[in-house]
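Dear colleague,

Please find below the structure I am handing over to you. My notes on it follow.

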Amino acid sequence: MEYTEVKSKLWTKDFLLVNSITFLAMTAITTQMGTLPLYVTALGGSKAVAGSIVGILGIAALFFRLPIGILLDRYGRRLLLTIGLGILFLDFALLNVLQTLVMLFALRLIQGIGNSIQATSAATMAADLIPKEQLSVGLGYFSIAQAVPGAIGPLLGLAVVEAYGFEALFRVAFLLTSLAFVLSFFISTESPRTLFFGEKAKPKGGVAEALSLIKNRGVMFPSLIMFLICFANSGVIAFIAQFAIEKNIDGAGYYFTVMTVVTVLIRFLFPQMLNLINQTFLICGSILSISAAFGLLAYADDLVHLLLAAVLYGIGFASLLPVMNTIVLQSISDQERGRAIAIFSAALDVAYGGGAMLWGVIASLFGFQVMYLFCGGFGLAALFAYLLFARRKKQMS
């Protein structure tokens, strides 16, 4: 039997709650992005160790995103969202108690599992709640809740550490995840598009069926493109504070603030941009803007150049992510939505995790300038991947 589309408006109570939960949880996670390498150094760890501890959060997604996507399609969204937030709640509570490099690594691994569960659940629920005719626009608004923590989190984290120390940082993250956990209980049992009838209530797809989605070009290429971009950007997120210290640049935390302000502004303009700009031109221009940001960072020696790079990255990423996400969702059925979002999200998480590990080694061996030039190369590789995707799509049409 067919499912019934219950809602048609975008800004429902549940959509607002999912946005709020995403904002709180991601802010808690990102408070550590600029500060965790400093914490590792304080505990006696090297840059490579810092990269590993930062990166294990994303590597956990490699093993857990896909099973989570299968469970989401079988059993619904809200239960898994609450479980993921509960894991984060406990993890941040323990970070103040267990203060060694080994335990920090283990807790970051657990944090990666919890974040994978809550982030995949929230993204799938948001996609369910957005009317199909407003998919690109709705995903653009939802991505604001994902993007704003990228500015608030690192800046808040650095401010708290400088004023009160690392223990206070973990308490702040604990409070944020506690509030998100409580809010999850106010979401309706399930979102409209997961209310199926008959046998479709629990899709039969397992691991094999989920992996087969990777062969879908509409899932594979957008995921690959975002993997390359986020892999490169992980070097900025993880090491911008240390890069600024090495270059004697004050105010590095404002990089994230400027980047996110630009991202939010672009996403509010996104509906008009979709109507006025050809999609291919929009995507290519966005990737080139991101690549230019990495190249500029390689030669930045003052705050002005640092913030200009933030503007370029914000412009590019704000336009690119919702378009890539929309291509994925338009390429699959509603019953495959959890698994497709899991694959797309895993590409981002693994990129940030693996990238942080690799860039930590490269920075140790060759310095930050070479590292950021390599990041720019990954951006150009993403452009090549999109052009290949567009060519194959044109040949099939």
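Which helix gives the most to the lining of the largest cavity? Helix α5 (residues 101-129) does, with eight residues; helices here are DSSP runs (H or I, at least four residues), numbered from the N terminus.

The model is predicted, so local features need pLDDT of at least 70 and side-chain atom pairs pLDDT 80 or more, while totals for chains, interfaces and linings use all residues. Residues are numbered from 1 along each chain as its sequence is written, and side-chain values use heavy atoms, without hydrogens and water.

The largest cavity has a volume of about 860 Å³. A cavity is a set of points on a 1 Å grid over the protein atoms alone where a 1.4 Å probe fits but cannot get out, and lining residues have an atom within 4 Å of a point; the volume is the space filled by probe spheres set on the points. Among the 42 lining residues, M26, Q146, L348, D349 and Y352 are the closest to the centre.

The axes (lines fitted to C-alpha atoms over the stretch in contact, with angles from 0 to 180 degrees between N-to-C directions) of α12 (residues 279-298) and α13 (residues 303-330) come within 8 Å and cross at roughly 145°. At the start of α13, a side-chain oxygen of D302 lies within 3.3 Å of the backbone nitrogen of V304, a polar contact being a pair of N or O atoms within 3.5 Å, one able to donate a hydrogen and the other to accept it, where residues adjacent in sequence count only if both atoms are side-chain atoms. From first C-alpha to last, the 28 residues of α13 reach 41 Å, close to the 40 Å expected at 1.5 Å a residue, taken as 1.5 Å times one less than the number of residues.

With kind regards

Methods:
Helices (H or I, at least four residues) and strands (E, at least two) are DSSP runs, numbered from the N terminus. On a 1 Å grid over the protein atoms alone, a cavity is a set of points where a 1.4 Å probe fits but cannot get out, and a pocket is an open set with protein on both sides within 12 Å along at least five of seven lines; lining residues have an atom within 4 Å of a point.
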